[in-house]
Amino acid sequence: MDAIMASRGYRNVGVRNNLRSNKFYTRLATFAGVLKAGLLLHKGDKLVVQYPDPHFKLICSLARLRRAHVLTLIHDLMSFGSDDMHPQEEIALLSGSHYIIALNPSMEGWLRTNGSTVPSTSLGVWDYLSPEAHEARQTAAVEPQKRPITEPSIASDEKYTVMFAGGVSRRRNQFLYDWGTVIDGYKVVVFGNNFDLTQAAGAARFKLRGFVPSSMMIRHPEGDFGLVWDGNTIDGCNGPWGEYLRYNNPHKASLYLRCGVPVIIWKHAGLAPFVEEQGIGFTISSLREIAPRLRSMSDTEYARMKENVARVSLQIASGYYFGEAVNRALEALGAPEREVKKQLAVSNS
């Protein structure tokens, strides 16, 4: 997000985030950046803050003292699925903002339901900056003659491969160990560590790749779809990780899109409406629905999804969605981007 703002001509009034491993230095530098921002802000400035931040309350207080406006981008809700903070405490904390950029309409709804009166907009989808371009990968259904000869042979009815990337431990994704019972007519490639394939049902249906750098995944995607799913069961996303999908935008969805593949996502996920509206995949309520949905998919339908994915992939690679969300926030505050571009301040996350 810092990089996107910098590319659009905004300046960082805090300290540059170098992602240092020394936690003490990082905390000290971040606190110094907050104080520095407080001194540099002027009346009418717009300060973009990424939340959560350990100094969020102080940042908002300093900005208001300097009569600047605070635009808050929410990465995560601290009170959701945690006993560390009550929702009303978080709403009170976020009330220090003049405008909120939530991740999706579901998160906006959560904020309003819990008492937030701060104006807001939705991000849409996470941007995913990367210079890599994915190589076209054709499915057997579209152009079988172009399928790489080095790829493992698959049965004729296995037209598609579904990718799954991210946390694959039992604690977060127990469903992986039962998914094989309903995999039919497609294969699955799993990217990530700690997946014990010997304990998974239908192990032969899985190809385990372990950790692969995202840049390599983007250049050489190994699937035709990417699955966004969390929790304990194949019949819905439950548990704390699964339930959070109702309000969160998983970064893995943006990674799949940068790989050039359509997304399969839980129908109640906060990102599901975006997937449907943009035509970049399809939604399901159970993993049992994947097989019949893929069997009924025509070559034309899949090609149309790929075209839509290519469009969105270019947008998220350029920082389009965060940039547009900031523009909407500025317009709502009566400050068009062209009038404040040189003075808009950006804080570190």
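I will go through the aromatic pairs, then the charges over rings, then the salt bridges.

Please keep in mind that this is a predicted model, in which local features need pLDDT of at least 70 and side-chain atom pairs count only at pLDDT 80 or more, while totals for chains, interfaces and linings use all residues. Residues are numbered from 1 along each chain as its sequence is written, and side-chain values use heavy atoms, with hydrogens and water left out.

Let me start with the rings. Searching the whole structure gives 14 aromatic pairs, where rings of Phe, Tyr and Trp (its six-membered ring) pair if their centres lie within 6.5 Å, and planes under 30 degrees apart count as stacked, over 60 as edge-to-face and the rest as tilted. One of these is the tilted pair of F175 and W179, at 6.1 Å centre to centre and with 45 degrees between the planes. F175 is buried at 0% relative accessibility, and W179 is likewise buried at 0%, where buried means under 20% relative accessible area, exposed over 50%, and partly exposed in between, with a 1.4 Å probe and protein chains only. Y320 and Y321 have ring centres 5.0 Å apart and planes at 90 degrees, so that pair is edge-to-face; Y320 is partly exposed at 32%, whereas Y321 is buried at 8%. F175 and W179 also belong to one aromatic cluster, together with F164, Y177, F195 and F206.

Next come the charges over rings, which require NZ of Lys or CZ of Arg within 6 Å of the ring centre and within 35 degrees of the ring normal. The charged end of R172 sits over the ring of W241, 4.0 Å from its centre, and R293 lies over the face of F282, at 4.8 Å from the ring centre.

Which side chains, then, meet in salt bridges? The whole structure has eight salt bridges, each being a side-chain nitrogen of Lys or Arg within 4 Å of a carboxyl oxygen of Asp or Glu. Among them, E158 and R205 meet at 1.9 Å, N to O, and this pair links distant parts of the chain, 47 residues apart. E158 is buried, with a relative accessible area of 6%, while R205 is partly exposed at 22%. R246 and E243 form another salt bridge, at 2.8 Å, with R246 partly exposed at 28% and E243 partly exposed at 29%. Finally, salt bridges that share partners join K207, R209 and E222 into one network.

Key: Helices (H or I, at least four residues) and strands (E, at least two) are DSSP runs, numbered from the N terminus.
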